[in-house]
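Thanks for coming. I will walk through one structure, starting with a term and then going residue by residue.

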Amino acid sequence: AKSQDKRNYESLVTLLRELPDLTAHESAILMKASCEFKEWKKAMQIFDEAISRDSKSTELYNSAIIAQKYSRDYKLALRLFEDISKQKLKPNLVSYNSLITVLSRSGRWGSALRIVNDLVEKRKFRDTPSENEPQYTPEIDEIGQKIVADEVTFNAGIFAAKIGRKGSVAVRLLNDMVSHDLIPNTISFSSVISALRGRNAWMAANDLLRQMKTADVKRNTITYNAVLKTYNQAGLWERALDLIEEMKEDGVRPDIITFNTAISCCVMDGKVDVAMDFIKKIQKQPLRPNTITINSAITVCEKTANLRKALELFDLSKSEGIQRDQITFNAMISTCEKAHDVKRALEYLDMMKKSGIKPDVITYNAVISACQKTGQWKLALQILNSDMPKDNITPTIISYNAAISACAREGQWQMALNLFDKTGEMEENRFKIKQSGSSIHRNIFTYTSAIHAAGFAGKLDIAFKLFMDLHKRLGSKASMSGIIVAYNTIAASCEKKGGQDGAKYAAKVFNVMKEDSSLEPEVYTYATLLNALKNGGGSAEVIE
């Protein structure tokens, strides 16, 4: 296993398994070797053979437990752990550490952390407690050693916290590790940094990196990549540039993950040129751009609707022989949508299907949105009502919102309101729809698009009814910016209608606005309502 020669390993395992007097220790070694090659099924066969010979040991069970790291069968790992005691053997620290690892990798990170915390607590009690300190006798393993957390336990716990995205727990475990006179290593620090989440995580990551340097703990590519990921969460592309230089000074070679993460750091600010420079740096290294590289860079282009650069990147993927996936095409179609280029969006949708890549709801939502921005309401409806069902894709409220907006923009108010009514029917049947894997819930954008459709068609009675329905149903739940957009839409409808009708409904909107204590209207809202009132001979008192 150490030589990584699988052919040699397989022939040796076959030979050794036939020996009649194979001990539990030797079986455990064969199991560990099998796990090195991820041959966990073979490891469990060796375990079963050992048990059938009545050749048992804690080490043998530990090897069986850790084999479940690859099978992700945490229930079997728990049974094996319990069987150690049933077989009148004693679990040792390796038993606990192995179980913690399996639980974490099986997604049971909460259970893993409970075991870690229990073992950490056991370190806090001295052999001779003071008068005010609780008495505690730790468990003893088969060779008389106390079972308390060691470096492996803490690292396994930090890994569990990382899986559970519990950055604060990971940091606490690292601090506990130091307070118990254990020395954190590269894995400890790297895992804690990887567990950090949120826009301010980068500050804690930088602090941990400084701690590593002060403690002379080796930093490797994984460490630096973990720090870069925290920069990505905050869009700190300038710091990403500096960190890659720091890596080189530290004698650490950046890998493709380093550059891909650095490119992702450019998304928030839409730094297309910086992203393209990172790709040039990749090409100067003994590295090759991959699918993630291209996808990340196109996503940066999408942010600023830079279709020209996105096309360059798409062509680069072809010349470099880089496989394109669903994300590649979705990013390209979204860039076309942002650039108001529906023709190209449809071309990439067609190319996607011909490449054998199945479009998803994100793909179609971007195409419908491109139709909405270019006034192609008929095409939007065709995609919504025909193309999506053909591909067995259930439209979401985003799909309907874009289609309603497309109709509203082109004065197709009846069609827009028909779609709005359909979302209402689907919402009423949401429990039935949920069972089929989808759910429709009208949101602020659904209402605003419908208000725009009715209002700009001069149907102020319908627009105001929709506005009041929105106010009643979503007022307290919707964001302030969304509510302001709704007010501005109905106000603009009143102004456009003009005359007495415009003034009448403007006064009604104003009265609703006065009663809404949480509202912070914009100058535009007041100005538009004033125009509608003045132009329609509205009440002087209301105008005042």
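First, the term: buried means under 20% relative accessible area, exposed means over 50%, and partly exposed is in between, with a 1.4 Å probe and protein chains only. This is a predicted model, where local features need pLDDT of at least 70 and side-chain atom pairs count only at pLDDT 80 or more, while totals for chains, interfaces and linings use all residues. Residues are numbered from 1 along each chain as its sequence is written, and side-chain values use heavy atoms, with hydrogens and water left out.

Let me begin with Arg108. Its relative accessibility is 38%, so Arg108 counts as partly exposed. Arg108 sits in the loop between helix 6 (93–105) and helix 7 (109–123). Helices here are DSSP runs of H or I with at least four residues, numbered from the N terminus. Together with Lys75, Arg79 and Arg114, Arg108 makes up a patch of positive charge on the surface. For such a patch, residues need over 30% relative accessible area and no salt bridge, and like charges are joined within 9 Å.

Next, salt bridges. A salt bridge is a side-chain nitrogen of Lys or Arg within 4 Å of a carboxyl oxygen of Asp or Glu. How many salt bridges does the structure hold? There are 17.

One of them joins Glu320 and Arg288, at 3.8 Å from N to O. This pair links distant parts of the chain, 32 residues apart: Glu320 is in the loop between helix 17 (307–319) and helix 18, and Arg288 is in the loop between helix 15 (272–284) and helix 16 (291–303). Glu320 is partly exposed at 25%, and Arg288 is partly exposed at 49%.

Another salt bridge pairs Lys309 with Glu312, with the closest N and O atoms 3.8 Å apart. Both are in helix 17 and three residues apart, which means about one helical turn separates them. Lys309 is buried at 15%, whereas Glu312 is partly exposed at 35%.

Lys338 and Glu337 also form a salt bridge, at 3.5 Å from N to O. Salt bridges with shared partners join Glu302, Glu337, Lys338 and Lys373 into one network.

Beyond its neighbours within four places in sequence, Thr328 is in contact (heavy atoms within 4.5 Å) with Thr291, Ile294, Asn295, Ile298 and Phe314. Lys354, in helix 19 (residues 342–354), is exposed at 69%.

Conventions. Patch = residues over 30% accessible without salt bridge, like charges linked within 9 Å, V, L, I, M, F, W, Y side chains within 5 Å. Areas by Shrake-Rupley, 256 points an atom, 1.4 Å probe, with all protein chains shown as cover. Lys, Arg positive; Asp, Glu negative; His and termini not counted. Charge placed at Lys NZ, Arg CZ, Asp CG, Glu CD. Helix = DSSP H or I, 4+ residues; strand = E, 2+ residues; numbered from the N terminus.
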